[in-house]
Amino acid sequence: MSPDLSSYQWHTDTSPLADALAAERDYLIIQDLDGVCMGLVNDPLSRTMDPAYIQAVRQQAGHFYVLTNGEHIGKRGVNPIVDRALGDSTAKQQGLYLPGLGAGGVQLQDRFGKVTHPGVSSAEMAFLLQIPVKARYFLINLLGNTPYNLAKENIHLLADAVVLDNRASPTINANLLCAVLGSVSSVTRLQHDLQSFMAKLLLEAKAQGMGDSFFIHYAPNLGTDPVTGQERIKPADGNSWGTTDFQFMLTGAVKESGVLVLLNQYYAAKTGVYPLGEDFSARSAPGSHAALLALSREAFDPAQMPRIIGVGDTITSHRVGDEWQRGGSDRGFLTLVQDLGRQFESDNVVLLVDSSGGEVIRPSVDVDALQQHPADHESYWQAVAGLSDPADPLQVNFVCAGGYPQYLAWFRHIADLTH
């Protein structure tokens, strides 16, 4: 009998998890991408992927899905990264694309590269198509004037680099701009300017009869404001740039809803029946954590429920007065994975990859402090400051403190062990 892995806390040795999966073989890995299997970089076009990882994903067919706010298709999508890594055009024929959900949960792809956008209207897609052009014009005008006053010859290159023309989730990835601006005060001003631009786009959508179609996702963030229902920006400070991704997303495109979409796909592949219906999508999923758990309890057969391993890198915890503000684009889906494990007694696991070693400034994990102090010691929680806290409802079970290279080695290892 395998150990109770969900009882582990910030464990830096991932070998018990690999051993358990090799012994059990009834599991499902739901994995984020950037910072997890690839390093975080200022320019998304410079991302690379290990060909051995791509082959290991195919070995895990039926046991693996991605769940990302990025996209599969387009110039800045993941599929071109796979193609470049393999050095040929055989991914489609060999089924080597990464299966799962992009654009926060509304872009579904199988491993042969077949992509659909379930629940998305043609009018919504047409509105999204305009946003990258508007974002480029906005940035070119913004950066050339006070207080930024960047050199005219660089502005067009910067705008092209940071505006991600994703099909279903157009994004301004401000990492490169933060590096260019340098100071905390300038980055904070940029964050507010980008937030205002995104709010204006929402008003334009409302004027066209699509007031409930979209929302703005900030990564990393400080959770959702209980009054406005909107995500809170994480301001820049001396330890990190804070929010660097400003994503114009379709309503319902949240990763926790995507978990149910992927489970629906998993059950259908295993049993031939879609428990939530073949047309179920992230856009038709309920909006609250409690409702997602309730729907799961009603729909999914406990006897067929796999052990789920949720893998991400973006969680935040920030103290404001007596309140902990917790966010991060992976927090919601990792918490749902955790709570599904408790509900179905499936011993689910949360695995965090420390992505602080990339080009983006982020809080890191202090391995020595984790290993030297018990969980009730103040230094233990200082070791994960900025990521978690003693009262955090999300319990990280395992951490790849060595970043994505450590995770890739572990992933290739379990692929060999289980297949």
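**Pockets in the predicted model**

Colleague: How much space lies in the largest pocket?
Modeller: Keep in mind that this is a predicted model. Rolling a probe the size of a water molecule over the atoms shows where empty space is left. For the largest pocket, that space comes to about 1,200 Å³.

Colleague: Which residues lie nearest the centre of the largest pocket?
Modeller: The lining of the largest pocket is made up of 46 residues. Nearest its centre you'll find Phe215, Thr224, Gly229, Glu231 and Val254.

Colleague: Which element gives the largest share of the lining of the largest pocket?
Modeller: Several elements supply at least two residues each, among them β8 (214-219), β9 (221-224), α9 (255-271) and α8 (184-207). The largest share is 7 residues, and it comes from α8.

Colleague: How many residues of that lining are charged?
Modeller: Sorting the lining of the largest pocket by type gives 17 nonpolar and 22 polar residues. The charged ones in that lining number 7.

Colleague: On to the second largest pocket: which residues lie nearest its centre?
Modeller: About 570 Å³ of space lies in this one, and 22 residues line it. Nearest the centre of the second largest pocket are Tyr65, Leu108, Gln109, Asp110 and Gln265.

Colleague: And which element gives the largest share of the lining there?
Modeller: In the second largest pocket, β2 (64-67), β4 (107-109) and α9 each put in at least two residues. The largest share, 4 residues, is from α9.

Colleague: How many nonpolar residues are in the lining of the second largest pocket?
Modeller: That lining has 5 polar and 6 charged residues. Its nonpolar count is 11.

Methods:
Residues are numbered from 1 along each chain as its sequence is written. This is a predicted model: local features need pLDDT of at least 70, side-chain atom pairs count only at pLDDT 80 or more; totals for chains, interfaces and linings use all residues. Side-chain values use heavy atoms; hydrogens and water are left out. On a 1 Å grid over the protein atoms alone, a cavity is a set of points where a 1.4 Å probe fits but cannot get out, and a pocket is an open set with protein on both sides within 12 Å along at least five of seven lines; lining residues have an atom within 4 Å of a point. Grid points are joined across faces, edges and corners, and a volume is the space filled by probe spheres set on the points. Ala, Val, Leu, Ile, Met, Phe, Trp, Tyr, Cys and Pro count as nonpolar, Asp, Glu, Lys and Arg as charged, and the others, Gly among them, as polar.
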